[in-house]
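Reader: I'd like to go through a model feature by feature. Can you show me how to read each one?

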Amino acid sequence: MREVINISLPSPMAKTVKTAVKTGSYSSTSEFFRHLLREWQEGRLLNELNESRMEIAAGNGKILKSLKALK
């Protein structure tokens with residue numbers, strides 16, 4: 001199911017989005033923002049992974065005996 005979300009952008013940002021769509025970089029304004037959101041989510045996951053790696057390297061990581069230990 002899809003949901004409609006309206007946003008307000010300053011003119012220069014709106015122009016950037018419209019140009020990206022017009023030049024064919026994205027098929028629609030919605031696709032532009034979906035792509036942006038996916039990249040943001042991936043960035044957050046990478047940050048969490050890097051933080052976990054630093055904890056493990058510092059000796060603060062936890063060894064899980066099962067997936068149930070994640071809860």
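This is a predicted model: local features need pLDDT of at least 70, side-chain atom pairs count only at pLDDT 80 or more; totals for chains, interfaces and linings use all residues.

Reader: How do H1 and H2 pack, and at what angle?

Author: In general, two packed helices are described by the angle between their axes and the distance between the axes. Helices here are DSSP runs (H or I, at least four residues; strands are E, at least two), numbered from the N terminus. Axes are lines fitted to C-alpha atoms, for helices over the stretch in contact, and angles run from 0 to 180 degrees between N-to-C directions. In this model H1 covers residues 11–22 and H2 covers residues 29–57; their axes are 9 Å apart and the angle is about 105°. That makes H1 roughly perpendicular to H2 (under 35 degrees is roughly parallel, over 145 roughly antiparallel, 65 to 115 roughly perpendicular, the rest oblique).

Reader: Which residues of H1 and H2 meet?

Author: Contact means heavy atoms within 4.5 Å. From H1 come Val17, Ala20 and Val21, and they meet Thr29, Phe32 and Phe33 of H2. Sorted by class, the contact of H1 with H2 has 5 nonpolar residues, 1 polar and no charged ones (nonpolar: Ala, Val, Leu, Ile, Met, Phe, Trp, Tyr, Cys and Pro; charged: Asp, Glu, Lys and Arg; polar: the others, Gly among them).

Reader: How many aromatic pairs does a search of the whole structure find?

Author: A pair of aromatic rings is described by the distance of the centres and the angle of the planes. Rings of Phe, Tyr and Trp (its six-membered ring) pair if their centres lie within 6.5 Å; planes under 30 degrees apart are stacked, over 60 edge-to-face, and the rest tilted. The search of the whole structure turns up 2 aromatic pairs. Tyr26 and Phe32 have ring centres 5.1 Å apart and planes at 75°, so that pair is edge-to-face. Phe32 and Phe33 also form an edge-to-face pair, at 5.1 Å centre to centre with 80° between the planes.

Reader: What span should H2 have?

Author: The expected span of a helix is 1.5 Å times one less than its number of residues. The 29 residues of H2 should span 42 Å, and its end C-alpha atoms are 42 Å apart, which agrees. H1, with 12 residues, reaches 16 Å from its first C-alpha to its last, close to the 16 Å expected.

Reader: Where is Lys22?

Author: Lys22 lies in helix H1 and counts as exposed at 78% relative accessibility. Ile56, in helix H2, is exposed at 60%. Ile5, in the segment before H1, is exposed at 67%.

Methods: Residues are numbered from 1 along each chain as its sequence is written. Side-chain values use heavy atoms; hydrogens and water are left out. Buried means under 20% relative accessible area, exposed over 50%, partly exposed in between (1.4 Å probe, protein chains only).
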